[in-house]
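Today I want to look up a surface patch and some charged pairs.

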Amino acid sequence: MGLSNVTVMRVWHKAGLQPHRLRRYMASSDPHFAAKAKDILGLYLHPPENAAVFCIDEKTAIQALDRTQPALPMRPQQPERQTVEYVRHGTVSLFAALEVHSGKVVGRCVPRHTSEEFVSFLNEAVAAHRRKAIHVILDNLAVHKAPVVQAWAKQHPKVTFHFTPTYASWLNQIEIWLGMITRDCIRRGVFLSVPDLAHKIMTYIRLYNRNARPFHWIYRNPKKRIRVSLSSVTQH
């Protein structure tokens with residue numbers, strides 16, 4: 001058009017255009033999305049009396065990465081720096097269970113992500129609530145529906161599984177916490193071995209639980225200016 005880049009920039013700013021930005025979305029194809037979402041949100045908002053609600057998921061194949069050179073600390077006008085080269089020491093998988101209305105997390109690091117390990121973790125997660133009705137929110141991973149897990153569920157009639165709709169694992173609040181530990185501990189961490197990685201993950205969980213709070217979800221509809229709280233708790 002024969003215009004300068006500055007003129008184009010001014011036009012974009014005036015029109016509110018940002019062509020360099022990209023947003024992604026995932027539309028669930030589950031025909032029972034509304035019913036499943038209502039069921040899970042109901043557990044967050046109005047859990048059954050004298051019942052415990054857990055959100056459970058796993059973070060698989062976490063790499064124990066050690067940098068080839070020491071990290072350089074943050075300085076004025078300069079961010080922390082890490083060398084791009086690293087040494088792989090192996091991997092570990094993390095099972096995590098969020099107790100919805102206390103905000104506390106139970107975790108276990110395992111060498112392999114299997115249905116047998118998942119059943120063992122289920123026993124650990126619900127151990128303190130065996131006298132209560134227990135509701136467990138899960139996504140549709142094959143491990144969560146394996147025969148050994150189904151057999152475990154039959155042996156524990158007080159436990160009810162609630163599966164998120166297809167392509168809607170974001171309804172599981174443990175996903176929020178997994179994002180937190182990834183940012184706070186794993187992504188920027190330096191791990192000398194697999195045991196070192198597992199130790200630092202469990203240390204993070206212990207420290208997190210000292211001040212754990214339930215998550216407080218807010219849904220905002222910018223078009224209708226609706227603000228709906230998706231939690232029965234007051235903490236953020």
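I started with Leu17, which sits in the loop between helix 1 (5-15) and helix 2 (33-45); helices (H or I, at least four residues) and strands (E, at least two) are DSSP runs, numbered from the N terminus. This is a predicted model, where local features need pLDDT of at least 70, side-chain atom pairs count only at pLDDT 80 or more, and totals for chains, interfaces and linings use all residues. Residues are numbered from 1 along each chain as its sequence is written, and side-chain values use heavy atoms, with hydrogens and water left out.

Leu17 is partly exposed at 47% relative accessible area (buried is under 20%, exposed over 50%, partly exposed in between; 1.4 Å probe, protein chains only). With Val11 and Trp12, Leu17 makes a nonpolar surface patch of about 290 Å². Such patches take residues with over 30% relative accessible area and no salt bridge, joining nonpolar side chains (Val, Leu, Ile, Met, Phe, Trp, Tyr) within 5 Å and like charges within 9 Å. Areas are Shrake-Rupley values with a 1.4 Å probe, and for residues only the protein chains shown count as cover.

Next, how many salt bridges does the whole structure hold? My search found 4, each a side-chain nitrogen of Lys or Arg within 4 Å of a carboxyl oxygen of Asp or Glu.

I noted Asp30 with Lys36, 2.8 Å from N to O; Asp30 is buried at 9%, while Lys36 is partly exposed at 28%.

Then I checked Arg188 and Glu80, whose closest N and O atoms are 2.3 Å apart. This pair links distant parts of the chain, 108 residues apart.
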